[in-house]
Amino acid sequence: MELLNNLALGLSVAVSLQNLLYALLGCMVGTLIGVLPGIGPVATIAMLLPITFHLPPTASLIMLAGIYYGAQYGGSTTSILVNLPGEASSVVTCLDGYQMARKGRAGAALSISAVGSFFAGTVGTIIIVIFAEPLTRMAQKFGPADYCALMALGLVAAVVLASGSVTKAIAMVFLGLLFGLIGTDVNTGAQRFTFDIPELSDGIDFAPIAMGLFGIAEIVVNLERHLERGGAIKVGSLWPTREEVRRSIPAILRGTTLGALLGVLPGGGPTLGAFSAYTLEKKLSKHPEEFGKGAVEGVAAPEAANNAAAQTSFIPMLTLGIPSNAVMALMVGAMIIQGIQPGPEVMTKKPDLFWGMIVSMWIGNAMLVIINLPMIGMWVKLLTVPYRYLAPAILLFCCIGAYSLQNSTFHVLQVAMFGVLGYIFVKLGCEGAPFLLGLVLGPQMEEYFRRAMLLSRGDAMVFLERPISLGLLITTALLLLLMALPSIKKARQEAFTEEEG
Amino acid sequence: MNRFLSKDFLSGLMFIAFGLIAIYFGQKLAQGTAVRMGPGYVPRMLSYILLGLGALICVVAAVSGGEPVEKLKWKPLTMVTIGIVCFALLFERAGLLPALVVLVFISSLGGEEFKLTEVIGNMIVLAILCTIVFKVGLGMNISVIQGVW
């Protein structure tokens, strides 16, 4: 019954005119950037973070969430119509979606992916509703040592599931943690790595860093590659045939389940979900030879999976305050900007925000089906805008956004600096996401670490004596060990090569 | 291909460099004890871990080789960076419009195609859009042209 009360509260918040408008705005922006290759949700949310300061907390979080799951819908349009992934999570949709489009079934592919995404989004939202309370209750029993261990597990798991070298990703986490320490030490008031720059004494703002690492660096890399676009294909009828429907329903169900599971894992999220769902479909199919040639399951399953994962990846952030990917790290940032400390307290202290956001996600998903299907023609037109128009526009929004954080040009210069650093990261094959997670968790993790050590009188054994902490640390160690095993290392490498190819 | 110019080896060097920088600039921070940690305790711990991981990455890369670094193209990076820096310098002194014109112009030079009419068109559209969104819509305290509006 309490659940229904909560949902009713959420519904009353979510259907207020203001929140509906911001949900719609978020979904529109999300679809827009999803459709446009070369700009992703991470860069966009980073760009808009400063602006959310001017909005009420609930509206700003609803809008940012809308951008994130809206991008999952929009990304599939580009994949299907022009064989370019609009988003990383729709890379696999290119394989069969574009082939379906070439056979004149573009409309069917689009509507199956939109309906599949909607179904998956709905299931994802229900899962959040069911698990939010028990997880939050559990988290309230956590002491400082447990939190520290939980963050360690989150960071390590994020690293393990990211592509590329594990050692490098771990080093990136530590680098992020180190950058997170810049500013005034909370316990002693000492200035750390501030170089006498007054803007740094409040701590380093991660919005300019995220803009630099994900926005600017991405623009530079795209300008280098001279992003080419093929001509868009005609959409055709949106109605799938009976055969297509029959084949896609089980695929959507499987994709949703797999995506929802993988989304909860730190470092999981939409990309991993979509990719695993595609592999699973190919293995289960009676006609594996059709995959890559326009199999409808190859569109339905990954599209359902990336949406389910996008929804469930909110679970660790909302209940524990632990972000599981770069977008969630930014959502944590958005909460902090609004003066809300993410963690189990959000649900008890701000129930209207918590439940309002969850219900609005479902409403947003329903809006997205309408935004994406009947209005498909508008998005297709947008695809013809060349990148050389977009790049300066994105740069400009980043600069103005960074300035408006504290009305200081220092933040704009910071964007430039982290743009260069981000470019170096890309060239050296170091991923930005673990860095950002470390950066966001750094200050909290240090706080918990110091508190735990103070409580235990300097005995590091405290982390092994508390059962919760011990369990979490054992899991962390196991994950790291698993990665070192040669057979798993190889399988992991193969999985990611296939993803890239 | 020189094995010391692989992505892995160079990124190892980068981590070592960051570790050393943090140790150097964190020297003055009191370390404290494990019970009452000073402000320097955690930074120093992290720096040592970074040094260790960097060294490990370097050694592994030097022994087994790795993917070579892609050739750098300087033009997009330089143009984009100069563009942002110019924007930062102009924004408060001259206002949004001049900063915008300079940023769009310089960053467009970074792309492969540059058509002046297109760039000017882009500037006009963006100027109108930004004024409406940021100045009028969000009511931000910025001037479009310093001293005029």
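**Figure 1. Crossing of helices α3 and α9 in chain A.** In this predicted model, helix α3 (residues 41–52) of chain A and helix α9 (residues 206–225) of chain A have axes that come within 8 Å and cross at roughly 140°. An angle over 145 degrees would count as roughly antiparallel; α3(A) and α9(A) are therefore oblique to each other. Their crossing is left-handed.

**Figure 2. Residues that join α3(A) and α9(A).** On the α3(A) side, the contact is made by V42(A), A43(A), A46(A), M47(A), L49(A) and P50(A). Facing them from α9(A) are A207(A), A210(A), M211(A), F214(A), G215(A) and E218(A). Sorted by class, the residues in this contact of α3(A) with α9(A) are ten nonpolar, one polar and one charged.

**Figure 3. The contact between chain A and chain B.** Chain B contributes 60 residues to the contact, and chain A contributes 54 residues. On the side of chain B that touches chain A, at least two residues each come from α1 (7–25), α2 (41–64), α3 (74–94), α4 (96–109) and α5 (116–137) of chain B. The helix that gives the most to this side is α3(B), with eleven residues. By class, the residues on the side of chain B that touches chain A comprise 37 nonpolar, 14 polar and nine charged.

**Figure 4. The two assigned domains of chain B.** The domain assignment of chain B gives domain 1 as 3–64 and domain 2 as 74–137. Between the C-alpha centres of domain 1 of chain B and domain 2 of chain B the distance is 38 Å.

Conventions: Residues are numbered from 1 along each chain as its sequence is written. Chains are lettered from A and ligands numbered from 1 in the order in which they are written. This is a predicted model: local features need pLDDT of at least 70, side-chain atom pairs count only at pLDDT 80 or more; totals for chains, interfaces and linings use all residues. Two residues are in contact if their C-beta atoms, placed from the backbone, lie within 7 Å. Helices (H or I, at least four residues) and strands (E, at least two) are DSSP runs, numbered from the N terminus. Ala, Val, Leu, Ile, Met, Phe, Trp, Tyr, Cys and Pro count as nonpolar, Asp, Glu, Lys and Arg as charged, and the others, Gly among them, as polar. Axes are lines fitted to C-alpha atoms, for helices over the stretch in contact, and angles run from 0 to 180 degrees between N-to-C directions. Angles under 35 degrees count as roughly parallel, over 145 as roughly antiparallel, 65 to 115 as roughly perpendicular and the rest as oblique. A crossing is left-handed if the near helix is turned anticlockwise from the far one by less than a right angle, and right-handed if clockwise. Domain bounds come from an automatic or database domain assignment.
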